[in-house]
Amino acid sequence: MSDEKTTTDYSEMSIDPTAAEMLKIAEECEIETVFSRSREIKPCSTGATGGCCKLCAMGPCRLIGKYERGVCGATRDTIAARNFVRQVAAGAAAHSDHGRDVALTLQAIAKGEIEDVAIADVVKLAKVAGYMGIEAAGKDVNTLTLEVAECALAQYGQQTGELVYIPRAPVKRQELWRKLGVVPRGIDREIVEAMHRTAAGTDQNYQSLLDGAVKCALASGWGGSMLATDLQDILYGTPSPVRSSANLGVLSEDKVNILIHGHEPLLASMIIDATQEPEMLTLAESVGAKGINIAGICCTANESLMRKGVPPAGNMLHQELALLTGAVELMVVDVQCIFQGLSEVATHFHTKLISSSPKACVGDSERIVVDEHHPRDAARAIVRAAVENFPNRKDVHIPKVSEPLVAGFSHEYIRYMLGGKMRASLNPLNENIVNGKIRGAAAVVGCSSPRAVQDYAVVNVVRELIANNVLVVVTGCAAITSGKHGLLTPETMAFAGESLREVCETVGIPPVLHMGSCVDNSRILTLLADVAATGGLGDDIAGLPAVALAPEWYSEKALEIATYAVASGAHVIFGGVGSPVENSPVVKDYMIDGWTERYGGSLRFIKEPQDMVAATLDLIDNARKALKIDVAQERVLFDMDMRRELSV
Ligand code: SF4
Ligand code: MSK
């Protein structure tokens, strides 16, 4: 590494000091990262705004300037809506296929085809059986598990009728969906239909296309994603609060470091277990290591954090930065949000990069495809490979930065926390919203993007919302961002508005609650449906003083989550890069006004964090007014000095 100073201003890329530290090393060593590439490659403005159609060989058609129609006559509205539907379908496919794999694992366990894996949460098993209309009484765990797994799998191939989880939505919402013809019939069916209706020369009406997006997204939100969450809880346990810490400082200087990255917890959970085995610990000692340390990236991190306290080393934008420490013996990846650039970064270090999923070979990584019937063998092979790689370490540079956190607030735990074991209930939450101590709730979710300053928007939005007495729940990479910046501890109460602080102190919760991974946005749907059912705040998700925000989104999955949230009645605000339907003002407006009229929810794209917060407070205050529970509250607006303080 040279001593030459670089002149790059890393604060334009991230407010996380560890990012600046690692990006300096990358620049000095001439190693490309997502940050450097995003500066080189400017986004295509036609594609970014939904103005490009490449559905057939008469095109691609770019509807810019004077061009209002493609060669086939498709309009800007049709093309923008069609592109959006396809993005939603891709997101729904990713989340739902994740759920399918969990169901297959559960089925194999019940059939005795997977060795030494037991069901962790039989209470949740019985509850999920209840949602599915399966009688649990008198059945042994294996029989019930098999019935639940097979019911879940049937949701994918179902051709007619309604998904079995639809009755979990408020009754009013179900009736609306039926009236509008958007109730999903089967998960795969709606994803396939979304692809079919967007094929060249098929659905051409933007409103009809967007109803297709809604049906497909609902198939994930109240189908594939919700199944993934439920079945993972059955398999690995329903989360409850757990202490850990976040950021690159969780990597160890003297232990073998293994990073788990992606979205699926099965192999990760076995790797975690294998790192505790005496044989592996002895092996680690024999190569001069003081033990084996495991940390996570992205949503495999969230899944493992919530259930086993594994510390997240960072959000999506930290994946390459973690390897730049030179301290990672092995990174094992599964599916989704894994940069191909990782394998190039790994070549500069001793790090082994291993792809574990049969459906994702990442870059030039080594492949250990897990035999689903013997996952423990793969887990042990991976841990062994990591330990044996420890002596190959060279220079190590681990930033000494990590923040403590508390994670794992499932909706079940939130009910328990508010009402105790015997009287688990959301009543105290509703009462404090009605009396105005809690002004409203916000879900801050989604990714991190190099097109924005990493973490800046999420941190600002979260802090300003709690300062304005808005209770915040976080999932996905936004949850890890919140953890890295110390926002997931009870001490965060210091930043909260007075009345929110009072409630949090009384109940004993932090004002920012970590609720899980990106499939776990389904937990937020369940929570909102429960809030509506609890009473005092209307009888539907639409109309609640609650807003969802994705201040730094990048993924098609984020658009799918936004769409099912809107269709469920929530107002959604996306930040950062602008609207993917910008090229059609008609479609863009329809997602605000048309969707509000149709579903009671809306999707808007707002660039600046302070504008996102202002819009959120407006939406919350309007909902309070409509519910006739409005109590005048002052707004705490952050000035530039306060914002700069966050960047330190
Ligand atoms: Fe062009 Fe129409 Fe073909 Fe799209 S479907 S590429 S707009 S001709
Ligand atoms: S990992 S989809 S960057 S949240 Fe779920 Fe993070 Fe977004 Fe991937």
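How many salt bridges does a search of the whole structure find? The search finds 43, a salt bridge being a side-chain nitrogen of Lys or Arg within 4 Å of a carboxyl oxygen of Asp or Glu.

1. Basis of the note. This is a predicted model, in which local features need pLDDT of at least 70 and side-chain atom pairs count only at pLDDT 80 or more, while totals for chains, interfaces and linings use all residues. Residues are numbered from 1 along each chain as its sequence is written, chains are lettered from A and ligands numbered from 1 in the order in which they are written, and side-chain values use heavy atoms, with hydrogens and water left out.

2. Domain division. The chain is split into domain 1 (69-236), domain 2 (248-392) and domain 3 (408-626); the bounds come from an automatic or database domain assignment. Taken over C-alpha atoms, the centres of domain 1 and domain 2 are separated by 30 Å.

3. Extent of the interface. Contact (heavy atoms within 4.5 Å) involves 15 residues of domain 1 and 15 residues of domain 2. About 1300 Å² is buried between these two domains, and carbon and sulfur atoms give 47% of that area. Buried area here is the accessible area (1.4 Å probe) that two parts lose on being put together, summed over both. In domain 1, the residues that lose the most area to domain 2 are His98, Glu115 and Tyr236, together 39% of what that side buries.

4. Lysine 359 and aspartate 101 form a salt bridge in which the closest N and O atoms are 2.6 Å apart.

5. Elements on the domain 1 side. Two or more residues each are given to the side touching domain 2 by α4 (76-110) and α9 (206-236). Helix α4 supplies the largest share, 7 residues. Helices (H or I, at least four residues) and strands (E, at least two) are DSSP runs, numbered from the N terminus.

6. Glutamate 162 and arginine 178 meet through their side chains at 2.6 Å, N to O. Glutamate 162 lies in the loop between α6 (141-157) and α7 (171-180), and arginine 178 in helix α7, 16 residues apart.

7. The sheet. Six strands form an open sheet with parallel pairing, in the order β13-β12-β11-β14-β15-β16; two strands pair if DSSP finds at least two bridges between them. Because β13 (512-516) and β16 (602-605) stand at the edges with a single partner strand each, one side of each is left without a neighbour in the sheet. Strands β14 (residues 546-550) and β15 (residues 571-574) pair in the parallel sense over 4 bridges, and alanine 548 stands opposite valine 572 in β15.
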